[in-house]
Amino acid sequence: MNEEFKKEKELTNMLDSYKIDIPVTKLAQKQSTFQKFIRYLGSPTKDPFENCTNQSSGYLFLNIFPVICGLFLAIIQVFLLI
Amino acid sequence: MMASNEELMTAFQIGDKEALAQLYAQLQEPLYCFLYRYSKDEQLSVDIVHDSFEVLQTKKFQYEQHRGKVKSFLFQIAYRLMINKLNRRKRWQTLMPFLVPIQNKTLQAEDTLVIQQAISNLPDKQRAVILLAFYEDLPQEDISLILDIPVGTVKSRLHHAIKSLKAELKEDFHHERGI
């Protein structure tokens with residue numbers, strides 16, 4: 001053991017209690033780059049619209065927004081035809 | 001009798017594939033433990049263990065026995081890979097925070113969580129030094145080789161890390177003593 005830790009009995013005891021479970025099966029099989037990419041795609045991520053969907057007004061906005069966009073595009077086309 | 005890592009590496013440099021398998025069996029666990037304690041990410045640690053041994057195969061002739069142990073050489077490769085990956089992940093996290101995968105959290109004992117948190121709270125540079133010095137029991141010369149810093153810097157970082165950990169775990173010391 002390093003000299004610095006010999007004087008620190010309490011700290012050593014506490015650090016010793018940090019044990020780790022080794023994932024033996026995962027370590028035994030190597031994944032290809034493609035498999036890693038698929039795993040990355042399939043891994044759960046944070047919802048980017050979490051702030052919107054938490055509130056009812058935000059949820060309503062997410063539903064109405066595509067309709068408003070559609071109407072806006074339709075109106076532009078009407079003006080272009082005139 | 002079990003061959004030393006250095007003997008196995010020499011055999012592997014000559015072309016013995018079985019020696020690499022034995023080297024992997026002997027070093028995968030300490031390497032995984034170091035990576036996991038540093039990053040707290042199981043999958044990242046497993047991937048880096050695999051990648052490090054791949055790099056070891058390509059760089060096998062760069063290893064010279066008089067410059068240090070095989071363990072230090074492998075840990076140096078792994079540490080660099082991990083730092084690069086973590087930096088890349090941080091950049092992605094800044095650009096697209098919602099694309100960062102959520103990590104699976106495992107249930108752990110309260111004591112382990114306290115220590116884990118205290119170690120995580122240390123600055124990155126101090127954390128690496130304390131993990132290598134305490135858990136891997138590596139001499140300061142080897143740590144300086146792995147982290148590519150002078151031995152004096154290793155000493156000062158270790159000193160500061162111990163001081164910070166003691167301050168962080170102070171309440172738990174008192175709790176254990178019943179104060």
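Modeller: Let us start with B:D137, which is placed in the loop between α6 and α7 of chain B. Helices (H or I, at least four residues) and strands (E, at least two) are DSSP runs, numbered from the N terminus. This is a predicted model, in which local features need pLDDT of at least 70 and side-chain atom pairs count only at pLDDT 80 or more, while totals for chains, interfaces and linings use all residues. Residues are numbered from 1 along each chain as its sequence is written, and chains are lettered from A and ligands numbered from 1 in the order in which they are written.

Biologist: Is B:D137 buried or exposed?

Modeller: A residue is buried if 20 or more other C-beta atoms lie within 10 Å of its own, exposed if 12 or fewer, and partly exposed in between, with C-beta atoms placed from the backbone. B:D137 counts as exposed because it has 12 C-beta neighbours inside 10 Å.

Biologist: What is the phi of B:D137?

Modeller: Most residues other than glycine have a negative phi. B:D137, a residue other than glycine, has a positive value, near 55°. B:K40 also has a positive phi, near 60°. B:K40 lies in the loop between α2 and α3 (42-58) of chain B, and it is partly exposed because 15 other C-beta atoms are within 10 Å.

Biologist: How do helices α6(B) and α7(B) pack?

Modeller: Axes are lines fitted to C-alpha atoms, for helices over the stretch in contact, and angles run from 0 to 180 degrees between N-to-C directions. Helix α6 (residues 124-135) and helix α7 (residues 140-147) of chain B pack at an angle of about 140°, and their axes are 10 Å apart. Angles under 35 degrees count as roughly parallel, over 145 as roughly antiparallel, 65 to 115 as roughly perpendicular and the rest as oblique. α6(B) and α7(B) are therefore oblique to each other. A crossing is left-handed if the near helix is turned anticlockwise from the far one by less than a right angle, and right-handed if clockwise. The crossing of α6(B) and α7(B) is right-handed.

Biologist: Which residues meet where α6(B) and α7(B) pack?

Modeller: Two residues are in contact if their C-beta atoms, placed from the backbone, lie within 7 Å. From α6(B), B:A128, B:V129, B:L132 and B:A133 meet B:I143, B:I146 and B:L147 of α7(B). Ala, Val, Leu, Ile, Met, Phe, Trp, Tyr, Cys and Pro count as nonpolar, Asp, Glu, Lys and Arg as charged, and the others, Gly among them, as polar. By class, this contact has seven nonpolar residues, no polar and no charged ones.

Biologist: At what angle do α3(B) and α4(B) pack?

Modeller: The angle between α3(B) and α4(B) is about 130°, with the axes 9 Å apart. That makes α3(B) oblique to α4(B), and their crossing is right-handed. Among the residues that meet are B:L44 and B:D51 in α3(B), and B:L74 and B:K85 in α4(B). The contact of α3(B) with α4(B) has nine nonpolar, one polar and two charged residues.

Biologist: Where does B:Y38 lie, and is B:Y38 buried or exposed?

Modeller: B:Y38 is in helix α2 of chain B, and it counts as buried because it has 23 C-beta neighbours inside 10 Å. Leaving aside neighbours within four places in sequence, B:Y38 is in contact with B:M82, B:R127, B:A128 and B:L131.

Biologist: Which domains does chain B have?

Modeller: Domain bounds come from an automatic or database domain assignment. For chain B the assignment gives domain 1 (1-100) and domain 2 (107-179). Their contact takes 12 residues from domain 1 and 14 residues from domain 2 of chain B. On the side of domain 1 that touches domain 2, the largest share, five residues, comes from α2(B).

Biologist: How many helices and strands are in chain B?

Modeller: Chain B has nine helices and zero strands. Of its 179 residues, 34% are buried.

Biologist: How many residues of chain A are in contact with chain B?

Modeller: 25 residues of chain A are in contact with 31 residues of chain B. α2(A) gives the most to the side of chain A that touches chain B, with four residues. The residues of that side divide into 13 nonpolar, four polar and eight charged.
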